[in-house]
Amino acid sequence: MKKTIRFILAGLMLLVTSGQLFAQQTFPRNGVYDEREGWYVFTNATIHTHYNQSQEGATLVIHNGKIEAVGKNVFIPKGAIVTDLKGKHLYPSFIDLYTNYGLPEAKAVGKESEKKPQMLSNKEGAFAWNEALKPEYRAAEDFKPDDKSAATYRKLGFGCVLTHQMDGISRGTSAAVLLGKERPHEMMLSETGAHHLSFNKGKSTQAYPSSLMGIIALLRQTYYDGQWYAQQKGETNLSLEAWNAVQSLPQIIEVGDRLEVLRAAKLAKEFGKDYIIMGSGDEYQRLNEIKATGATLILPLDFPEAYDVEAPFDALQVTLAQMKHWELAPTNPARLAEAGIKFALTTHELEKKDQFMEHLRKAIKYGLSEEAALKALTETPAQLLNLSDQLGSLETGKVANFIITDGPVFAKESKIYQNWIGGKPFELKDLDAPDLLGKYALRVGNQSFTLHVSGKAGEQEMKLAHQDTTTLSVKHTYDKGILTLVFSTEKEGKRIRLSGTATGKNWSGRGQDIEGNWVNWSATYQGPPDADKKKREDKKDESIDNLGVVTYPFTAFGWENRPQATTYLIRNATVWTNEAEGKLENTDILVRNGKIAEIGPRLSDRSATIIDGTGKHLTAGIIDEHTHIAASRGINEGTQASSAEVRIGDVINSEDINIYRQLSGGVTTSQVLHGSSNPIGGQSGLIKLRWGFAPEEMKVANADGFIKFALGENVKQSNRNNDYNIRFPQTRMGVEQVYVDHFTRAREYGKLRNSGKPYRRDLDLETILEIIEGKRFITCHSYQQGEINMLMKVAERFGFRVNTFTHILEGYKVADKMAAHGAGGSTFADWWAYKFEVIEAIPYNSALMHEQGVTVAVNSDDAEMARRLNQEAAKAVLFGGVSEEDALKFVTLNPAKLLHIDQQVGSIKVGKDADIVLWSDHPLSVYAKADKTFVDGILFFDRDQDIQLRQAVQKERARLVQKMLAVKKEGGKMQPARGRSQYREYHCDDLEREE
Amino acid sequence: MKINLKYSLIFCLLLLAGGFLWAQSPIPAANQAEPIAIVGATAHLGNGQVIQNSLIGFEGGKLTVVEAYNQQALDKYRVIQAEGKHVYPGLIAPNTQLGLIEIGAVRATRDNDETGSLNPNVRSIIAYNTDSQVIPTIRSMGVLLAQIAPEGGLISGQSSIVQLDAWNWEDAAYKADEGLYLRLPAKQSYSWRRGTYQKNEAYDDQMLEIATYFADAKGYCQQTTAKAENLKLEAACGLFNGSKKLYVQANSVEAITQAVLLAKQHAISLVIVGGEDAWRIPGLLKENNVAVILRSTQSLPGLPDDDVDLPFKTPKLLQEAGILYCIGHEGFWQYRNLAFQAGQAVGYGLDYEAAISALTLNTAKILGIDDRAGSLEVGKDAILFISQGDVLDMRSAEVIHAFIQGREIDLNNKQKVLYHKFQEKFRRER
């Protein structure tokens with residue numbers, strides 16, 4: 001029997017090398033016809049036909065690379081090569097959807113060292129305008145089997161991968177390929193597996209898009225362009241042609257974090273797509289929201305290593321979020337499975353592919369069922385590829401892709417013996433290796449010894465007992481029927497070398513003794529080995545008990561439980577109403593259902609939580625008209641003169657610690673603005689600081705849309721290096737023309753749109769048209785009076801008004817004109833001297849504008865200053881003598897007016913949202929602290945609770961530090977204590993350029 | 001028409017009062033000609049003491065009377081009635097680029113950062129522009145003395161202390177070339193673009209460069225035999241004979257500790273500048289008599305996990321630890337908000353008079369000018385101001401008189417002129 005199998009294997013190897021299983025019909029043949037049908041039968045195996053079904057003692061028959069039959073009583077054709085797999089398991093082999101197997105690295109088009117901003121694609125030919133759009137790329141055309149790389153996958157049990165070139169925003173199509181050695185013609189199951197997308201522009205050297213919101217806008221525009229292209233005749237665009245062609249394929253998009261999963265899902269929904277989302281492994285941190293999208297995911301298993309936190313001060317840099325993610329990342333697959341989210345698993349993102357099984361076992365240990373794991377490696381990826389008829393289970397007619405193991409596939413002790421791909425075997429471990437375990441009488445020449453072979457078959461240990469006193473280790477190798485033994489009969493002695501073959505359980509052969517004499521030898525089987533005394537592995541397993549909890553957001557100061565609106569009665573405070581009643585002393589406020597329910601002396605409500613406001617001041621929540629917190633991956637898409645198509649709302653970052661910090665300064669609403677690096681920036685995101693809620697939940701519902709415009713030095717690029725001198729405009733003269741031109745074009749666009757004729761939907765012009773139509777409102781970064789005046793004149797010419805000038809440091813010079821035009825001014829209290837255009841900025845600006853009847857706000861543009869906007873408002877009292885009540889309105893009611901939300905927020909009035917702050921002191925005083933900040937009647941910041949949260953942060957950090965120290969002590973792999981702040985602090989002239 | 005004419009006249013008068021200032025800073029005040037007495041104010045002496053209803057007298061530029069007002073005869077004095085008002089020693093701006101930078105983004109107006117890594121010999125005093133438009137906006141907020149500090153490189157250069165009412169830098173110099181500014185490199189630096197901390201690959205080389213410089217300079221300064229003059233090494237001699245201080249820009253525990261080790265090795269008088277993490281290692285600072293010029297309290301916490309109010313309460317933490325510290329700010333124009341940096345700390349538990357000390361006497365001690373300035377004490381220079389109310393709170397921080405060495409300075413500035421100019425425009429339109 002053994003001999004037979006050995007023989008068969010040798011034969012199979014031949015077959016593999018001659019490579020004739022799947023005939024290449026079109027190729028000329030050199031030599032003699034040698035194609036074989038390949039009937040193979042595997043009997044007595046435990047066959048896992050599906051991820052959730054198995055049969056013991058079953059048989060698998062394959063023929064010509066396909067499964068012919070599987071089951072208990074199947075017909076075994078005569079002449080088939082039969083392998084007895086008693087004690088072995090047979091599984092469908094795994095599928096990895098996220099690889100670049102067999103493909104060359106992408107290269108940048110053109111010179112990479114170009115310093116000047118590149119406005120258009122460098123790619124020659126009738127392709128897309130943007131270098132990051134490459135739907136025309138076909139992995140199938142570049143694919144070349146790479147046996148070295150294939151072997152690493154095969155070793156892990158993979159039989160098929162989807163491969164694509166990981167570069168660009170639209171990356172083109174992937175190919176589904178088998179991991180065998182033959183020509184691409186035979187290895188390719190599908191030359192158009194999927195269309196791949198990402199939120200990363202990759203090697204493109206083109207300036208646009210420089211931000212995540214730009215990437216999202218580019219994708220949206222491309223969907224519309226594809227629709228338009230299908231109906232038009234004037235333009236030939238090979239990229240759009242390809243784009244349209246790939247839309248029927250599965251769409252796989254790679255994202256960078258959990259929030260990007262939500263963003264991708266939103267984009268998919270808009271265009272009726274079902275994205276398969278390549279995640280980042282932190283999805284458990286926004287599990288409910290991700291589940292609600294219904295998206296399917298591909299999950300990596302690159303769990304972070306523990307941080308080396310031995311040096312206490314260095315360790316401070318590692319954030320609680322990093323530490324917690326280290327602990328909880330292995331639970332990600334389990335949590336997603338439990339939530340019923342469909343996913344496939346990939347080796348992608350692993351530092352080394354051979355970590356895969358170890359990490360997978362870890363995920364299983366952390367709660368992922370083996371069944372779910374197997375599903376995510378077989379059935380699910382096959383389904384997602386629309387290749388269920390060929391892959392994913394062991395059924396008649398499918399490709400003969402399977403692995404043979406000696407135990408449950410994910411068990412630590414189990415080994416993969418063979419990996420069959422397309423009906424061809426790859427031998428990882430010798431299935432025929434004899435079971436050598438036992439006790440033998442070893443005779444070498446005329447010397448006698450006892451040979452003990454113990455351990456696990458295939459990995460056995462051999463020891464020599466000599467004169468019953470010493471035991472000496474015997475080095476041995478077994479290869480294709482020949483056993484070689486090397487040992488010495490005394491410690492550190494000279495070595496005897498023997499080689500021989502088996503007859504039954506006995507071995508014999510020839511060898512050389514230490515003198516070089518040739519001798520005969522034999523090892524005669526005496527019986528089973530002595531009981532295994534091998535020490536049990538008692539290395540302590542890292543504990544999966546007492547894991548930390550997921551907080552929202554997943555940072556320090558996150559909530560364990562979602563905060564709820566409660567009925568509150570705030571008693572006896574000084575209430576700054578911002579209404580005709582002015583400031584009310586000794587007044588109660590009742591908050592119910594998220595609204596201000598009652599205002600007055602001695603209110604009562606039995607269900608209310610009572611808050612004593614004695615000696616305290618109560619105001620409307622602070623509204624920051626101009627901020628750049630809570631945005632992911634860039635707030636400027638300044639690569640073109642107009643980027644009206646980009647939307648901050650696409651990149652709201654709910655996990656920014658500055659949200660919590662600003663709540664502690666009484667801020668309740670913020671307009672997250674695009675930056676100021678181009679004349680027409682992007683659309684704003686208006687959020688309430690609902691700390692812990694998901695991005696979409698933070699947005700103010702039904703708010704009017706705003707867009708950022710900018711004037712002056714930033715848009716002229718005058719403070720950038722000299723390479724930035726080609727994008728129009730470079731002067732204030734040019735800035736005016738950008739506006740006139742875009743409004744003119746938008747008007748033309750509107751005419752065309754209304755004419756009923758076919759037109760290309762242009763997200764840029766469409767947004768600008770909204771301004772002319774009074775459906776979108778401008779907030780314009782501005783400093784010098786001349787250009788402020790200019791923009792008002794341009795607006796008047798096109799029949800609308802500029803809603804707000806922001807910064808507006810020379811607003812005081814044209815305050816009368818602004819008032820007449822109807823523009824508001826949202827300014828800094830006292831900034832100046834940081835650039836040439838602000839040398840005439842004065843702290844009396846807000847007072848002068850206010851006196852002229854301009855609606856004045858004071859804004860931050862700065863994550864730090866936003867925490868004390870009440871103080872900045874107070875400076876209007878100091879510089880210019882504005883009344884205290886009016887000054888407070890500069891940061892509450894007036895910005896609400898400028899944002900068109902004064903019907904809901906901005907004052908203390910019955911029926912308005914309970915966005916309120918209880919201050920420890922006079923709200924315009926430097927000494928005032930926001931003791932409590934409510935948004936919609938939910939207490940999002942409370943100074944007493946903050947103390948508890950700090951203690952919780954310290955306690956949780958301490959626990960995780962101890963846990964990581966323990967890992968280090970046990971010799972675990974560590975990474976240096978290096979901090980990561982995912983959330984950057986932006987100012988409006990910060991330019992994103994990702995590295 | 002009449003009204004217009006009338007207002008135009010007022011406007012012209014305002015301009016006259018401003019000293020015909022369109023684009024020029026106010027005219028420096030003449031020497032104190034007559035004794036001046038400020039009567040009835042709440043005087044915050046800067047040393048922790050307060051005198052309600054005080055009498056503050058000065059003559060010939062020096063303080064002569066600091067006591068409670070008990071109807072003393074004031075015949076010889078020009079009397080300033082200040083009941084209900086507050087008197088403070090002039091605030092001192094440590095570590096500022098005032099007068100070195102005029103417009104942040106315009107290179108031609110920046111003289112704060114010399115090229116190269118070791119510039120101990122460069123002197124900020126000669127680049128200090130007394131005619132900067134920014135200076136009057138700072139002193140009209142009560143800041144009357146400033147330490148002009150160079151930036152950049154590893155050793156940035158020498159700082160000097162100036163009074164803020166001068167014709168030229170020689171005039172302005174209150175204590176010239178009093179210290180050397182050293183900026184310790186960070187072991188890891190935060191990469192804004194990557195959002196992560198990156199290892200500073202040059203760290204060891206930079207630290208070696210610094211260590212070698214100090215060792216070489218010490219040897220050079222001790223050398224008694226004839227030697228070839230070396231300007232860079234010469235510049236450090238003051239550190240070793242105690243006539244100069246070493247100001248080290250350091251925020252992390254690592255950098256602060258390295259600074260202390262360096263100062264200890266060479267017996268140098270050390271001041272930490274920035275000191276974000278100083279509160280974490282109070283023992284080390286105290287044992288080695290290291291003082292701290294604290295960065296602005298109105299800063300964000302350094303780490304996401306930090307208490308949200310950490311920078312606000314850092315002064316209190318240093319106060320409680322018994323470390324000599326003062327409250328600083330950053331940049332140049334920003335220094336008009338110096339007092340509010342202390343006010344912020346008071347809101348978070350710092351004692352009020354301790355906060356005043358942290359802007360005045362503590363700063364003077366740290367800068368080595370407390371023999372002449374920093375507090376309202378008889379014999380010291382009359383550097384003080386009167387405000388309508390509490391100067392730490394923007395609600396009441398209006399400065400109405402200010403004196404530098406007894407000279408009453410002009411509190412006008414370009415921004416006030418522009419304010420009045422456009423008030424006039426709108427008045428005419430009415």
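## Helix packing and a chain contact

The buried residues of helix H6 (238-246) of chain A are covered by elements that include strand E8 (170-173), strand E11 (195-198) and helix H5 (212-231), also in chain A. Keep in mind that this is a predicted model.

So who is tucked away in that helix? Which residues of H6(A) are buried? They are A:Ser239, A:Leu240, A:Ala242, A:Trp243 and A:Val246. Because these residues span an arc of only 160 degrees around the axis, they sit on the same side of H6(A).

Two packed helices are described by the angle between their axes and the distance between the axes. Here are the numbers:

| Helix pair | Axis distance | Crossing angle |
|---|---|---|
| H18(A) (732-755) and H20(A) (785-797) | within 11 Å | roughly 15 degrees |
| H10(A) (320-328) and H26(A) (943-969) | 10 Å | about 50 degrees |

Take H18(A) and H20(A) to begin with. Their axes cross at roughly 15 degrees, and angles under 35 degrees count as roughly parallel, so that is what H18(A) and H20(A) are to each other. The crossing of H18(A) past H20(A) is right-handed. On the H18(A) side, the contact uses A:Arg732, A:Val735, A:Glu736, A:Tyr739, A:Val740 and A:Phe743. Facing them from H20(A) are A:Gly786, A:Glu787, A:Met790, A:Leu791 and A:Val794. Sorted by class, this contact of H18(A) with H20(A) comes to seven nonpolar, one polar and three charged residues.

On to H10(A) and H26(A). With an angle of about 50 degrees between them, H10(A) is therefore oblique to H26(A). H10(A) goes past H26(A) in a left-handed crossing. H10(A) brings A:Leu320, A:Met323, A:Lys324 and A:Glu327, while H26(A) answers with A:Val953, A:Glu956, A:Arg957, A:Leu960 and A:Lys963. What is the class make-up of the contact of H10(A) with H26(A)? There are four nonpolar and five charged residues, and no polar ones.

Finally, the two chains. Chain B puts 41 residues in contact with 54 residues of chain A. On the chain B side, the elements giving two or more residues are strand E13 (196-199) and helices H7 (253-266), H10 (338-347) and H13 (414-429) of chain B. Which of them gives the most? That would be H13(B), with six residues.

Definitions and conventions
Residues numbered from 1 in each chain as written. Chains lettered and ligands numbered in written order. Predicted model: local features only at pLDDT ≥ 70, side-chain atom pairs only at ≥ 80, totals over all residues. Buried ≥ 20, exposed ≤ 12 C-beta atoms within 10 Å, placed from the backbone. Helix = DSSP H or I, 4+ residues; strand = E, 2+ residues; numbered from the N terminus. Arc of directions from axis to C-beta. Contact = placed C-beta atoms within 7 Å. Axes fitted to C-alpha atoms, helices over the stretch in contact; angles between N-to-C directions. Parallel < 35°, antiparallel > 145°, perpendicular 65-115°, else oblique. Left-handed = near helix turned anticlockwise from the far one by under 90°. Nonpolar A, V, L, I, M, F, W, Y, C, P; charged D, E, K, R; others polar.
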